[in-house]
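Welcome! Have a look at the structure, then read on.

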Amino acid sequence: MSRMDPLFSHYLDDARRRHVLRRMRLMQPVGAGRVQVADRCFINFSSNDYLGLSQHPDVIARAQEYAARYGAGAQASRLVCGTSEMYAAVEAKLARAKGTEAALLFASGWQANAAVLPALLKLTGQGAASPQVFTDKLVHASLHQGCAAAGVKQIRFRHNDLDHLESLLQAREGTGGQRFIVTESVFSMDGDCVDVYRLAQIAQRHDAFVYLDEAHATGVLGPGGMGLSGFAPGKIDLIMGTCSKALGGFGAYVAGSRALCDYLANTCSGFIYTTALPPAVLGALDAALDLVPTMDTARVQLMANADYLRVGLQALGLETGASSTHIVPAVVGDAQQAMSLSARLETRGMLVTAIRPPTVPQGTSRLRIALSAAHTRADITSLLDALSVSLSRQETADA
Ligand SMILES: *Cc1c(COP(=O)(O)O)cnc(C)c1O
């Protein structure tokens, strides 16, 4: 018992009544693209393991090897005694892959975004006019957290509307301090991409620092699969990405100039006051970074499967929005309907998460279908068949 339990219970009961209570279910991955729930195996369309690397034998082997060689934990934070040679090696490999001077590892993507933004904004906020931070309407919760921690008010532009961004920049020309543009290269709930080249041009014209979150692009898109920032080499000031999605492991990185990384290592609370990632995680990342450049065939197959899925969904009358990647929303609209569709798919052996407000705007509840290179064409056909049956059942039930 805690003294606040009555308050907690009140909140939880209320959430249950409003059908928005979140819960964690037990799920065991069984190979890439499959998951076991209770005693049933499902095709998994909900994971971010886009290349199946979390289950790759080389990735697992190197994680085991690093744990056996260096131990279970890093023992300390990076600045104390947690920076062993493998950190320097993996950060150098990341910087090479990203085409930047340097890279810095973080404990997680959430932590990087929440901690790096305040460190950056603090530098420009002193004395001079306060910084201006332009953010896409749909940026990830961790980026909001970073802005909130920095105490800045975001200037939000319409989702992926670079014309709107530019007009906002123009309207505030000559006012305020350093300008920042904060956005993502692939959006997690819509699967659409930003035009990174154009973004870089706009930033150049308006002298804005670009902070680009490549969580869903890293490993999957861009030259060598290392993200869309590769289409504007040297033009993105800060590239952030996570190692927990297509790279199959855990942790995150910031890539950019040497001065940027050194500055963050000196000032960023979420880097300084946390223990370095464990050796097994570094081993997995090291192996994933070796594999990613060799996986062009898997990436081509993944994108072809995504095209096939979008065509199939549209034929069923489901909107896929501006998706052009391995993340494909099937927009249903009503939250309850999205939930019941997800439940129907589950009875047919498919795990597809329903996403509803507040994660997405009201009236745009959807199934979020996340494809993996481990999915076969037959897996996708099964999903489309199951959706077709579930949708017609739903119509019958509604009638
Ligand atoms: C998943 C995600 C993160 C968080 O990364 P973790 O390593 O899982 O903490 C940050 N930004 C975006 C856009 C994401 O989708």
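## Around the ligand

Helix α5, residues 109–125, contributes the most to the shell around the ligand, with three residues. Helices here are DSSP runs of H or I with at least four residues, strands are runs of E with at least two, and both are numbered from the N terminus. This is a predicted model: local features need pLDDT of at least 70 and side-chain atom pairs count only at pLDDT 80 or more, while totals for chains, interfaces and linings use all residues. Residues are numbered from 1 along each chain as its sequence is written, and side-chain values use heavy atoms, with hydrogens and water left out.

The ligand has 13 residues around it, and G109, D213, H216, T242 and K245 come nearest (a residue is near if one of its heavy atoms lies within 4 Å). By class, the shell holds two nonpolar, eight polar and three charged residues. Asp, Glu, Lys and Arg count as charged; Ala, Val, Leu, Ile, Met, Phe, Trp, Tyr, Cys and Pro as nonpolar; and the others, Gly among them, as polar.

## Polar atoms and cover

From H216, a polar side-chain atom lies 2.6 Å from a ligand oxygen atom. The protein covers 86% of the 380 Å² of accessible area that the ligand has on its own (Shrake-Rupley method, 1.4 Å probe).

How values were computed: Polar contact = N/O pair within 3.5 Å; in protein donor to acceptor, adjacent residues only side chain to side chain.
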